[in-house]
Amino acid sequence: MKLTATKRTETGTSASRRAREEGKIPAAIYGREVDTVSVLLDRKDFEMTLREVGSNGVFDVEVDGDTYHVFVKEKTNAALKPEIYHVDLLAFTKGQKVNMTIPVYITGEEAISEGIVSQSISELEVSLAPAEAPSEFTVDVSEMEIGDTKHVSDIEIDDSIELLSDTDSTVVSVSAPQIEEEPEPTADDEMPEPEVIGEDEDDSDEE
């Protein structure tokens with residue numbers, strides 16, 4: 001998959017705003033063996049590429065005849081609307097290992113009839129060749145019970161991947177649901193029954 005980008009000739013907030021209005025995304029290409037290049041990406045082409053390769057997939061970007069093998073290191077989204085404001089693309093050479101973050105998802109949550117599933121970690125940091133990066137890690141919780149936990153060390157990771165996250169960190173746990181106790185009645189809650197006038201009068205005079 002290859003994208004064509006153009007070098008940015010103008011920088012700054014106003015220039016970035018104009019670029020976004022024209023359907024472009026400001027981006028930076030950088031890496032260990034390349035000089036940083038500021039570019040503009042076509043928004044539709046970039047979003048289509050991410051749909052095809054995944055959020056941490058590898059693709060090529062051509063700039064003025066030079067081709068960079070890259071993946072998305074970081075992207076900044078707009079605060080109030082689903083729009084990408086800026087993208088950092090990390091360039092690498094074949095076989096070079098880089099640090100990446102891989103998302104962690106849980107599966108089988110619907111099989112747990114009792115207990116609350118809490119996910120503590122949503123991604124792992126690893127070192128690997130980007131072309132060999134998995135799209136995600138998954139943790140099956142279907143057989144977990146209340147009190148059970150799974151840690152980073154329980155995730156199946158290929159031997160070619162160097163794990164940088166703490167293996168003892170908790171990924172997911174199952175806890176007992178909290179039972180809300182009914183509050184004890186207070187003096188204000190104990191209202192006296194209303195007295196009916198005349199109900200207790202002596203009926204001996206009625207003869």
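Which residues does V171 touch, not counting residues up to four places away in sequence? Contact here means heavy atoms within 4.5 Å, and by that rule V171 touches V104, S118, Q119, S120, I121, V139, K150, H151, V152 and I155.

## What you're looking at

This is a predicted model, in which local features need pLDDT of at least 70 and side-chain atom pairs count only at pLDDT 80 or more, while totals for chains, interfaces and linings use all residues. Residues are numbered from 1 along each chain as its sequence is written, and side-chain values use heavy atoms, with hydrogens and water left out.

Helices (H or I, at least four residues) and strands (E, at least two) are DSSP runs, numbered from the N terminus. Two strands pair if DSSP finds at least two bridges between them.

## The barrel

Let's start with the sheet that closes on itself. Six strands form a barrel in the order 1-3-2-6-5-4, with mixed pairing. From one strand to the next, the twist averages 45°; angles run from 0 to 180 degrees between N-to-C directions, and axes are lines fitted to C-alpha atoms, for helices over the stretch in contact. Strand 1 (residues 2-7) runs parallel to strand 4 (residues 59-63), and four bridges join them.

Strand 2 is mostly covered, with six of its eight residues buried. Buried means under 20% relative accessible area, exposed over 50%, and partly exposed in between (1.4 Å probe, protein chains only). Strand 2 pairs with strand 3 in the antiparallel sense over seven bridges, and a hairpin of two residues links them. A27 has V39 as its bridge partner in strand 3. Strand 2 also pairs with strand 6, this time in the parallel sense over five bridges, and there A28 stands opposite D88.

## Helices on the sheet

Helix 1 (residues 13-21) lies across strand 2 (24-31), strand 3 (34-42) and strand 6 (84-91), at about 115° to strand 2. Helix 2 (residues 43-53) packs on the sheet too, touching strands 1, 2, 3, 4, 5 (66-77) and 6, and its direction makes about 105° with that of strand 3.

Which residues of helix 2 are buried? They are R43, F46, T49 and L50. Seen down the axis of helix 2, these fall within an arc of 130° (taken from the directions from the helix axis to the C-beta atoms), so they line one face of the helix. The face turned away from that buried side carries the exposed residues K44, R51 and E52.

The ends of helix 2 are worth a look. At its start, a side-chain oxygen of D42 reaches to within 3.3 Å of the backbone nitrogen of K44. Just after helix 2, G54 takes a positive phi of about 95°.

## Further along the chain

Strand 7 (residues 98-107) pairs with strand 9 (residues 123-128) in the antiparallel sense over six bridges, with I102 partnered by L124. Strand 9 also runs antiparallel to strand 12 (residues 162-163), joined by two bridges; V126 has L163 as its bridge partner there.

## Two nonpolar cores

A nonpolar core is a set of buried Ala, Val, Leu, Ile, Met, Phe, Trp, Tyr and Cys residues joined through side-chain atoms within 4.5 Å. The largest has 23 residues, of which V104, L124, F137, V139, I155, V171 and V172 touch the most other members. Strand 7, strand 9, strand 10 (137-140) and strand 13 (170-175) each supply at least two residues of this core, and strand 7 gives the most, with four. A second, separate core of 20 residues includes A5, V37, L50 and Y68.

Terms used: A polar contact is a pair of N or O atoms within 3.5 Å; within protein, one must be able to donate a hydrogen and the other to accept it, and residues adjacent in sequence count only if both atoms are side-chain atoms.
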